[in-house]
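Hi,

Here is the structure I promised to pass on. Have a look at it first, and then read my notes below.

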Amino acid sequence: MQNLSPWMARNRWIWSLIGILIIWGVLSLITERLSLHSLSGVVASASFLVLAALGQMFVVTTGRGNIDLSIASVIALSAFVSLIVIDGSDERIVLGLLAVLGIGLAVGAMNAVLVLLFRIPAMIATLATGYVLATTTLIANRSIAGAVASPTLAYLAGGRVWGIPVIFLIALVAVTLSSLVLGKLAYGRMLSATGQNARAARLSGIKTGRVTATAFLISSVLAALDGALLSAYVGGAFLEMGAPYLLQSVGAVVLGGSLIFGGSSTALGTLFGCILLVLIVTTMQIAGLPPGTQDIVQGVAIIGVLALAGRPVLKRAARLKPMSEQTAGAQ
Amino acid sequence: MTAAMKAVPFSRAQAELAGNEPVVALRGITKSYGPTLANQAVDLTVGRGEVVGLVGGNGAGKSTLMRVLSGGTTPDAGELAIAGKPRTWNDYNPGEAQTAGIRIVHQELSLCGNLTVAENFYLERPDAGGLRPGWRSTYRDLARQWLDLVFPGHGINVDAELGLLPIGQRQMIEIARAASDPNLRLLVLDEPTSSLDPERSRQLRAFIMASAAKGVAFIFISHKLKEILEITSRIVALRNGRVAWEGSVEGASVERLVEAMGGESEASLRANRNRQEVRSSSEGRVLARIGGAGTAPPGRAVELRSGEIVGLAGLEGNGQRDMLRHIFGAGDSGEVSRLGSVSFVSGDRQREGVFPLWSVLENIGIGRIAGRSGVSSVSAEAERTAAAPTIERLRLDPSRLGSNILELSGGNQQKALVARALAADTEIILLDDPTRGVDVSAKSEFYGVVADMASAGRLVIWHSTEDVEFLECDRVLVFSGGRIVRELVGQEISEEAIVNSSFLQEVSSAGSSQAVSKPVQGSSLARRIIGLMPFVSFLTVLGAMASVNPLVLSPFGLDLLLGSAVALTLIALAQMFIVGGSEIDLGVGAFAGVTNVVSATLLVDNPSLGVAGLIAAWLSYGLLAAIIHARKIPAIVVTLGASFIWVGIGYSLQPTPGGSSPEWLSALFTWQIPGVPTTIVLIVIAGCVAVLIDRSPLGVVLRGFGNNPAALERGGWSVMRYAVIRYLIAGGFALVAGLSLTAINTASDINAGGPFTLLSVAAVVMGGCALLGGIISPTGVVVASLTLSLIGALLGTLGVSTDYNAAVQGGLLLLILVMRMAVDRREDA
C-alpha cells in the first residue's frame, strides 16, 4: 500500500478509470439496459468530447488559469462550414477539411495574439472571440440548406470496425499522439515548464510565448476537426451544438487528473475523464432525470472535483514557500 | 543564550523604565521547512524601551523568527510570552500580535499601491476612525501627524495614490504607519533604511531613541552593521537558524559580528583572490556591451568580455537588477547589446527558478532542452548522461536526482539551478543574487564554481545584494539612479569603495527622491484618458441615436431605451466587485436569471418560500467564495460550474418562459415621477449604492485585497471573510438585477440572464476597472453599461440585423482591451 500511493499520485488518471468502473459496475447491476453495445455508444459520444478536451488540456497546461472558452463556438462554426463546403460529396472533402483547418488556425492564432500580444486574460479573450464566432455561425446558419454529410466523413464519425466505433479509434490516436507530445517531445517539457513557472521558464531560455501560442492553435484546430466530425455524426448542424463542450471539456480535463493550474497534464486521464463524464450524463438520462437536474449535477460534479483535487497542490505549494503557509495559517 | 531569559535588559538609561516583565519573550523556537531548519531552539527576549539589533546573513532565520513573533508563522516547537503572559500558538495570529502592540515593518513593503496614503493608514489602524462619515479626514490627519513626527519635512501628500510615490517615500509611510499605533509596545523594523537617504535615516534613528525613552521596544534588523552598532543597545546574531552571539552593544564590533554571522572577513576573502591577477580585462571576446544613457559618468560604452566575472553593485533598486534582465533580453545591437548565448540563474528560486512539480534531474535537463526544437525527442537517460559531469563538479548527490526538487535544501536547489545553466552550455551566465538563503559552506563552494565558469571562458555577470560577494569579481559596475556611476577594477574593489560610490552619487544627484521610480506624469494623463473613455463613448452613441431620431432624448424615449439597462447596470456592478478582487464571475448572468425565475414563480405562488429561496441563493454565492478560497481553485471554473447549477435550477423551476411579477415588486421598480425617466433614477440609485460601498472603509479593504492580499493578511485582515463579503455584495447586486428583470418584464426566462455575463465583463473593462484587480470605478461601469445597452438599440435603428449584436459586443470588448493595453504599454515605457 505504501508503494502504491506515490504511484497513484504520479498517475492521477487512475481515479477517473476507477470512477468509470464503479459507475459501469453499478449500472450493469441495477439495469439490464446497459449492454456492451450501449457502452460503445457512450464511448462514441465520449470520443467527440475527447478531441475537444485534448485541445483544452493543452491550453490548461500553459498555466495561469488559461482556459479556452471559444471551443464551443469553433465546433459549431466548423460544423456549419464543413457541411456547406463539402456539400455531401466525397470529392470536396479535402477542400472542406482545409476550410475547417483554416478556421482552427485562424481562431487559435487570434486567441494567441490577444492573450500574448495584448495580454488579455485567456478566458476573456476566448470568451469574446467565441461571441464573435457565434455571429458568424448565425450567418452561416442562414446559408445552409438541407445539408447532408459526405459518406466518408459519415463513416469516420459514425462507422464501426469490428464493432468498434471508428471515431473512438480516431480519439485513441489523438490521445496517443498527445501523450507522446507531452511525455517524449521537447515541446511537452517546455509546455509543462511554462505552466509550472512561466518566469522560470522564460529565464531558462524557453520561448514561452511560442509555447503558449502553439497550445491555443492545437486547441482550436482540434475543436474545428471535432466540429466537422460531429456534423457528420449527427447529419446536420445547429447553433447550440458546441455548447455542451464548453464546460465538459474543462470538466473532463480536471476529472482526468490534469492540474487546473497547469504544468502537469495527462492525455490518458483526459480520455478517461471524458468517458466518465459522458457515462455520468448517460446514467442521468437512463435514470430519467430532467435536463435541468442534469445541468445541476454536472455543475456540482465539476466544483466538487475541483475542490477535492485542489488540495494536494495546495499542500505542495505550502511546503514550497513559507508565504503560503502563512496564508493557510491565518484563516 | 539562556542568559537572555533572565530578562533583565543590559541597556543603559532604560533600566529603570523597564517593567518587571519583558515585552516579549520567545523561547526555544524551532521551525523547519522541509529539510531546512530555519530556526533551531532560538531564544529572544526584548525588554521595555530596549533597542535590540538582529543580524545574520541571508537565510540565517531572521525572517522566520520575526514571522513567528508577528503571528504569521506557527513554529514546530517553542514558547511565547507577551508582557509575562504565556500565549498558545493556536490562538496567536497577526491580528492578536497587533492587539498586543507588536508591529512589523516588512522588508517587502506591505502597502497597497492602489490606495491613498491616508487609506493605507486606515488598513493599519481600522479602530482609529471607525465607520463614521468623514472617516477619511481622520486618517488624513493621522497620516500627516505621524509622518511629521517621524520624518519632519517629509513633503508627502497624504491624498496621493501610494503606487505613484517613489520607494523612499513609501518606506517612510510604512514606518510612520506602524509607529502610529497608540498601543505600540514593540516595533520590528526589517531593513528600514534600505531605501532611505542619510538624512531620513538620521530622523528615523532620532525617532527610535525618543520612543525607546518612552518605553517602546524595537527590534532593528539591518545588513548595515555600523548602523546596528550606532542605534541598538543589545545585539543578537543568528547563524544557520541558531543564536550565534548575543551581548550588549559595548562588547560588539563589526568584525565580531561578521565572525559570529559566519561571514569570512574581507581579508580572508581577498587572500583567495589570486587567480585574477593572472588575467587582465582586455583579453577575451566582447560578449556584452552597455552603452547609451546607462553609463553617465564613465561616459563610454562598457564592454564585458569572455572569461570575466563582472559584478553589478549598488543600493537595492538602483537599476543593477534591471540591467541584468535587460542584458538577458537584449539583442545584438542597441544601447545594451548581447553578443553571445545566455543563461540565467536567479536567487529567487521559488518565483524564478524551480519547476515545483519536477524532479531534480528534470529541473536540470530543461536547460539543455529549452534551446532545442519543440519536436525533438527527450529522454531521462540522455539527460542523466549529459548532466553527469556537471553534477559531479557541483557535488550534487546523484542518488537524489529522482527526488522532487523541493525536497532539497535551498543550497542544493541552487546547485541544481546552476547545473541547469551549465547544461545549457552558454557563453554568458547571468547570476541574480544567486546565494540568497544559501548557507555559508554552500556559498564558498559556489564561489569556486563561478570562478570555474570564468576560467572556462564564459562571461559571468553577477548581481548580488551582499557587497562582500563582489570581492569575487574581476570588475564591479556600481549603479545609482539607474546608471553606472563607477567602475571598479581588480584591487580597487572593496566593500567600502562600493558603498561609498553608491551613496555619494545618491546624495549629490537626487536629493530626497533617491531611488529610481517609474515616471508618473505620463501615466496620470493616460489614466485620465481611460477614465474619460466611457463618458465620451456614451455621449457619442447617444448623439448618434439622437441624430437619427430626436425623440430618443425625451424622457419617455430614454425610459424605453434604457429599460434593459437597469439589469445590465446592476449585473455589471456585481461583476465589478468580483473583478476588484482580481477574479471573474462567469455565472453572474445565470445567477440573475435564476433569481428572475424564482421571483416570477415561487415568490408569486408562495411568498415566504420565494423569499427563503432568494436568501438561500444569495447565501450560496457566499459559499462559492468560501469554496474558491478555502481550496484555492480558480474562480473562473467554479463560477462557470455554478452557472450550470443556476441554469439547471431555473430550468427545473420553469422549463419555458412565463410567470408573473408580484405586485409589490413591480411597484418598487415601475413608479413614475412625471418628467423624470424612472429607469435613469433606478440606475443612478444603483450607482450611488456602489459608490457608497466603494468609498466606505469596507470598500477600501476590498480594494486593498485586490491589490496586495498578502500585505492585508499580514496586517490581520481575514482573506476568507472579505472574499465572502465580496461575493455577497456581488450576489446582492445580481439578485436585485434578477428582481428588476421580473418587475420590468413581468415575466421570467432562465435564458435571459446568460448574455449579461459577457456584457458585464465588457462594461467593467470599459468602465475603467483593471482586470488584475484593485482598481474599480462605479461611475465608469454605470456609464459603460448604458453605452452597451444603447449599442443594441443603435444597431436596430441603423437597420443592422440583431444577429450582429453578439459580434459587435464581443468585438467591442476586445477593442477596449486592446486599447487599454496600448495605453498601459505606453505607461510602462
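A definition to start with: two strands pair if DSSP finds at least two bridges between them. Helices (H or I, at least four residues) and strands (E, at least two) are themselves DSSP runs, numbered from the N terminus. This is a predicted model, where local features need pLDDT of at least 70, side-chain atom pairs count only at pLDDT 80 or more, and totals for chains, interfaces and linings use all residues. Residues are numbered from 1 along each chain as its sequence is written, and chains are lettered from A and ligands numbered from 1 in the order in which they are written.

Let's begin with chain B and its strand β8 (residues 217-221). In β8(B), Ile219(B) is the bridge partner of Val52(B). That belongs to the pairing with strand β3 (residues 51-55) of chain B, which is parallel and has 4 bridges. Strand β7 (residues 186-190) of chain B also runs parallel to β8(B), joined by 5 bridges, and there Leu186(B) has Ala217(B) as its partner.

How many residues of β8(B) are buried? A residue counts as buried if 20 or more other C-beta atoms lie within 10 Å of its own, exposed if 12 or fewer, and partly exposed in between, with C-beta atoms placed from the backbone. By that rule 5 of the 5 are buried, so β8(B) is largely enclosed by the rest of the structure. In a regular strand the side chains alternate between the two faces of the sheet. Here Ala217(B), Ile219(B) and Ile221(B) point one way, Phe218(B) and Phe220(B) the other, and all are buried.

Further along chain B, strand β16 (residues 428-432) is mostly covered too, with 5 of its 5 residues buried. Ile428(B), Leu430(B) and Asp432(B) lie on one side of β16(B), and Ile429(B) and Leu431(B) on the other. β16(B) runs parallel to strand β15 (residues 342-346) of chain B, with 5 bridges, one pair being Phe344(B) and Leu430(B). It is also joined by 5 bridges to strand β17 (residues 459-463) of chain B, again parallel, where Leu431(B) stands opposite Trp462(B).

Now for chain A, which has 15 helices and 2 strands. Of its 331 residues, 55% count as buried. Helix α2 (residues 13-30) of chain A has 18 residues and reaches 26 Å from first C-alpha to last, close to the 26 Å expected at 1.5 Å a residue (that is, 1.5 Å times one less than the number of residues). Its buried residues are Trp13(A), Trp15(A), Ser16(A) and Ile20(A). Why do they sit on the same side of α2(A)? Because they cover an arc of only 160 degrees around the axis, taking the directions from the helix axis to the C-beta atoms. The face turned away from that buried side carries the exposed Leu21(A), Ile22(A), Gly25(A), Val26(A) and Leu29(A).

Last, the two chains together. Their contact takes 65 residues from chain A and 74 residues from chain B, where two residues are in contact if their C-beta atoms, placed from the backbone, lie within 7 Å. On the side of chain A that touches chain B, α14(A) gives the most, with 18 residues. One of the other elements giving two or more residues there is α9 (186-196) of chain A, and 11 of the 11 residues of α9(A) are buried.

Cheers
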